[in-house]
Amino acid sequence: MQCAVACAYGGGTVINAIATGHGAAFPISLRVVAEVCRSDRTSVSTYADVDVGPVVRIVERVAERFGTGPLAVRITGDLPTAGGLKSSSATVNAIIRAVASLAGAEVDLFDVARLNAELSKWAGISVTGAFDDAVASAVGRSYLTDNHKLVVIRELEVSGRAVVLIPPYEKRRHRLEEMRAVAPLVRTAVAYAGLGMWREAMMINAAAYGYALGYPPEPWLEALRRGAVGGVSGTGPSHVFITDDPEGLAEALSKYGRVYVVDIPQSPCST
């Protein structure tokens, strides 16, 4: 049986694109791996407890694009599927890269992210297509993007280590009216990011969306007191913080939920 394997990173949010169409994300070292094999019918199995229906439709589209015929896809990884850690973007990126490899096609990673955004919006797994998330996941770097035009505006020098917090909150992705109401604040974050000031952008974004989504502020304030930057990632409930003392912050935040200390990659995921 002819197979190919590829991986892609999860990520955290610098700027959520829902309010303005401009977004920025950065990769984290937790990842998704896709193994694709030629088959007589399309199938998808995954480590995640999610509806695979949209993924099956995406696999069919990608297979059609690269001319591989039906594919059996197995998704594994260590990236939690709690909302906000870009697991959907990572899964689609890994699938596209693996299918391209199986077909013997060379693909530009930014084009992988563009195809990801188009397919994610088409399949209904993202409001904006999440081009910013897809770029960070595929390329392994942070970029400010225009998610409507699918263009990269500038690279952001996000590096170091981060703490992921997964609190036991219910996801609040459907509060679109509230999220769009904070657009004036988010536009300020976009302006800062355009100057390369990603820390300031990340803090404004976290405050604006954390308030709009109604998540408890205690974890965010705890992290701020310890000199970290960050907050709610995507529409949550996951929070991601960048800090010079990840172990200390992880210990402090452990009372709010599960915590992971992760690296921030500077290159694409490789198997």
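Which loop holds His148? The answer is the one between strand 5 (142-146) and strand 6 (151-156).

## Before we dig in

This is a predicted model, so local features need pLDDT of at least 70 and side-chain atom pairs count only at pLDDT 80 or more, while totals for chains, interfaces and linings use all residues. Residues are numbered from 1 along each chain as its sequence is written, and side-chain values use heavy atoms, leaving out hydrogens and water.

Helices (H or I, at least four residues) and strands (E, at least two) are DSSP runs, numbered from the N terminus.

With 60% relative accessibility, His148 counts as exposed. Here, exposed means over 50% relative accessible area, buried means under 20%, and partly exposed is in between (1.4 Å probe, protein chains only). Setting aside neighbours within four places in sequence, His148 is in contact with Thr20 and Gly21; contact means heavy atoms within 4.5 Å. Phe241 is 93 residues away along the chain, and the C-alpha atoms of Phe241 and His148 are separated by 27 Å.

Leu150 sits in the loop between strand 5 and strand 6. At 16% relative accessibility, Leu150 counts as buried. Its phi is positive, about 55 degrees, although Leu150 is not a glycine.

## Helix 2 against helix 3

Now for a pair of helices. Helix 2 (residues 87-103) packs against helix 3 (residues 109-123) at an angle of about 120 degrees, and their axes are 9 Å apart. That makes helix 2 oblique to helix 3. On this scale, angles under 35 degrees count as roughly parallel, over 145 as roughly antiparallel, 65 to 115 as roughly perpendicular and the rest as oblique. The axes are lines fitted to C-alpha atoms, for helices over the stretch in contact, and angles run from 0 to 180 degrees between N-to-C directions.

Who meets whom? From helix 2 come Ser89, Val92, Asn93, Ile96 and Arg97, and they meet Leu109, Val112, Ala113, Leu115, Asn116, Leu119 and Ser120 in helix 3. By class, this contact has seven nonpolar, four polar and one charged residues. For that count, Ala, Val, Leu, Ile, Met, Phe, Trp, Tyr, Cys and Pro are nonpolar, Asp, Glu, Lys and Arg are charged, and the others, Gly among them, are polar.

## Helix 4, tucked away

How many residues of helix 4 (residues 131-139) are buried? Nine of the nine are, so helix 4 is largely enclosed by the rest of the structure. Among the buried residues are Phe131, Asp132 and Asp133. Their cover includes strand 1 (3-15), strand 2 (22-38), helix 2, helix 3, strand 5 and strand 6. Just after helix 4, Gly140 takes a positive phi of about 75 degrees.

Thr68 belongs to the loop between helix 1 (53-66) and strand 4 (71-77). Thr68 is buried, with a relative accessible area of 8%. Not counting residues up to four places away in sequence, Thr68 touches Arg38, Ala63, Val99 and Ala103.

Lys86 is in the loop between strand 4 and helix 2, and Lys86 is buried, with a relative accessible area of 8%. Although Lys86 is not a glycine, its phi is positive, about 65 degrees. Elsewhere, Gly236 and Pro237 are joined by a cis peptide bond, with omega about 5 degrees. Pro237 lies in the loop between strand 8 (229-232) and strand 9 (239-243).
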